[in-house]
Amino acid sequence: MSFIISLKDIERFYDVGGEVVRALDGLDLNISANEYISIMGPSGSGKSTLMNMIGCLDTPTNGTYEFENEYVHEMDEGQLASIRNRKIGFVFQTFNLLPKSSALRNVEVPLIYANISKKERIDRAKESLIDVGLEDRMHHKPNELSGGQRQRVAIARALVNKPSIILADEPTGNLDSKSGVEILNIFNQLHDKGNTIILVTHEEEVAKNAKRMILILDGKVKSDIKN
Amino acid sequence: MNKNKKKSHLKNTIKESFRMSIEAIKDNKLRSILTLIGIAIGVFSVVGVMTAIKTLENHVNSQLDILGSNKFYVMKEPALSFQRSKEYWKRKNITYQDYLDLEKLAKTPHSMSAEMATYEDDISYKDKELTKEIKIYGATFWSVRHHQFLIDYGRSITDDDIRFNRKVVILGPDIVDILFPYEYPIGKKIKIEGIEHLVIGVTGKKGEMFGENQDYMALIPASTFTQYYWDEDESNVEIVLESKSQEELRKTMDEIIGHFRVIRKLKPSEKNNFEIVNNKELANQIDGFTGGIKLFAGAVSVIALLVAGIGIMNIMLVSVSDRIKEIGIRKAIGANRIDILIQFLMEAFFLCQFGGIIGIVLGILVGNLIGFVLNVSPVIPVDWAFYGLFICSIIGIGFGIYPAWHAANLDPINSLRYDK
């Protein structure tokens, strides 16, 4: 079985005031297509570093990271930007929408960087917003939307460029429980449609939605359980 | 294929950067307006000064053209001097007698005339009188030609009028309108300071020159003029000469210098105690003068633009640190360094262009307003408008590059985590 993501012996060290911090310390992880994974771990466990690593925002100090036959650990900044754009859909805890742009514009932005023509961009952005049930909120700005709606815009933005994985960092952390359930339902639907989802969370309730639960501790995979 | 794709990518990026920069400018109105004002003032000072100078130059040159390039003058003092030096001031006045003496000696000039004038306000015909004082010229035979007056009807002043101190007068059309609204003026007698003068001619409409109405004046024979209206001790005559051709100008001028030295009884070792000036030299002097202003204005403008540029840089740095989070988001969803760099560079560029256009429009308006006050025909200095825009682009890019580079090199992880 071939993997979408294959992390081998990943190490990531930081130099904090002359002291070396081993955020990731020999981590191995393989992820296949259409998996729904949760990554858990207490703060300081290396969970955030791992998420940045998988999201191609960071590169390992040592080890190999293969993403659909591309060697991420050898990439320069431009290549990393490109792979983020093509293969990864981010969903953040604080939504991270452009506050002064409409929902439609927010969803359109990744396609600008993917160099897609204006007409196609708008068509695809609309389609993506319809998929998350926001067809009547397209021209609203983030401050005119509820938390749950904002997160749905963010999911639409993550999906618009048809990424290989969706990487969600505490996606329900800033939402009330009802909106949180809605968002998790959307993730379930996306998974049913064949998407690969990686959910980073510290809430066990949220993590239980995933089909595979990974616990990180001291920069290593502590446990890897399939539901 | 790959090259084409890259090209279209760049085009797309620039197009999007344009849109994003407009959005950013709109979103930060106050900040943008302040920056615009800075740039606008800088460009305004360049374009405004250049427009003003250009209108002046056009004006002076057109007037000098009318005067004719074969003309030159014998004067007491230089036409343009920046210090009123004692040397000039202490010189003897040029008198009407000096003019008559020169007329006897000089053979080579095409023509010469004495230039003298005074202002009088007591002018009347029957019950009508002028309320505003008029300029009265003491005219010799060639004065009418040298002043570019045309006799519309009647006759000009003849040598006999001068020889016999005849009390005759040529009137400007505006005076005829006031004194003779229903009568034919020729042959009528008007009173100037109580002295009767026979109207012999009327000049054609001329309009204004150097800000003076050329239709509101009168010419009387120079001899009559000096007899009744001229204070020989306090007044100074200018002698106007015209050479036969451009080629003979220099020779004629040299001859006149020689004759006038004789009239002034100067020894060979003594310097001229009079000035001889021709229109070309006058034009050159004016050029030198405006050149100095240009240089000074240029220096001031460079400083203004430098300040404006620093303003742009400052604003862009603020803009970058205000939008660290935005930069992080953009990077996370796939923007690379070049995308961010171009976005911020374009923002600075367009900010400068908007400011520049405002400055150019204001500059041309104010420059022409100065022209309007001086009664000069308007100009649009296309070249300086172009330079203005060019300068703005340079400033936008030059001072925008550091903030944009700073934005492009922000670390995406830290930027995403950044909270104001």
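Q: What should I know before I start clicking on residues?

A: This is a predicted model, in which local features need pLDDT of at least 70 and side-chain atom pairs count only at pLDDT 80 or more, while totals for chains, interfaces and linings use all residues. Residues are numbered from 1 along each chain as its sequence is written, chains are lettered from A and ligands numbered from 1 in the order in which they are written, and side-chain values use heavy atoms, with hydrogens and water left out.

Q: How many residues of chain B are in contact with chain A?

A: Contact means heavy atoms within 4.5 Å. Here, 27 residues of chain B touch 27 residues of chain A.

Q: And what is the area buried between chain B and chain A?

A: Buried area is the accessible area (1.4 Å probe) that two parts lose on being put together, summed over both. For this pair it comes to about 2400 Å², with carbon and sulfur atoms giving 52%. On the chain B side, I329(B), I333(B) and I413(B) lose the most area to chain A, together 24% of what that side buries.

Q: Which side chains meet in a salt bridge?

A: The rule asks for a side-chain nitrogen of Lys or Arg within 4 Å of a carboxyl oxygen of Asp or Glu. It finds two salt bridges across this interface; one of them joins R337(B) to E77(A), at 2.6 Å from N to O.

Q: Which elements of chain B supply the side that touches chain A?

A: Helices (H or I, at least four residues) and strands (E, at least two) are DSSP runs, numbered from the N terminus. In chain B, α1 (2-27), α11 (324-332), α12 (337-373) and α14 (412-417) each supply at least two residues of that side. The largest share, nine residues, comes from α1(B).

Q: How do the residues of that side divide by class?

A: Ala, Val, Leu, Ile, Met, Phe, Trp, Tyr, Cys and Pro count as nonpolar, Asp, Glu, Lys and Arg as charged, and the others, Gly among them, as polar. The chain B side has eight nonpolar, seven polar and 12 charged residues.

Q: Now the empty space. How is a pocket told from a cavity?

A: Rolling a probe the size of a water molecule over the atoms shows where empty space is left. On a 1 Å grid over the protein atoms alone, a cavity is a set of points where a 1.4 Å probe fits but cannot get out; a pocket is an open set with protein on both sides within 12 Å along at least five of seven lines, and lining residues have an atom within 4 Å of a point. Grid points are joined across faces, edges and corners, and a volume is the space filled by probe spheres set on the points.

Q: Which residues lie nearest the centre of the second largest pocket?

A: They are L97(A), L98(A), P99(A), K100(A) and E326(B), out of 33 lining residues. This pocket holds about 790 Å³ of space, and α1(B) gives the largest share of its lining, five residues.

Q: How many cavities of 30 Å³ or more are there?

A: Three. The largest has a volume of about 70 Å³, and its lining includes R84(A), F90(A) and I333(B). The second largest cavity, about 60 Å³, is lined by residues including A24(B), R323(B) and L351(B), with α10(B) giving the most, three residues.
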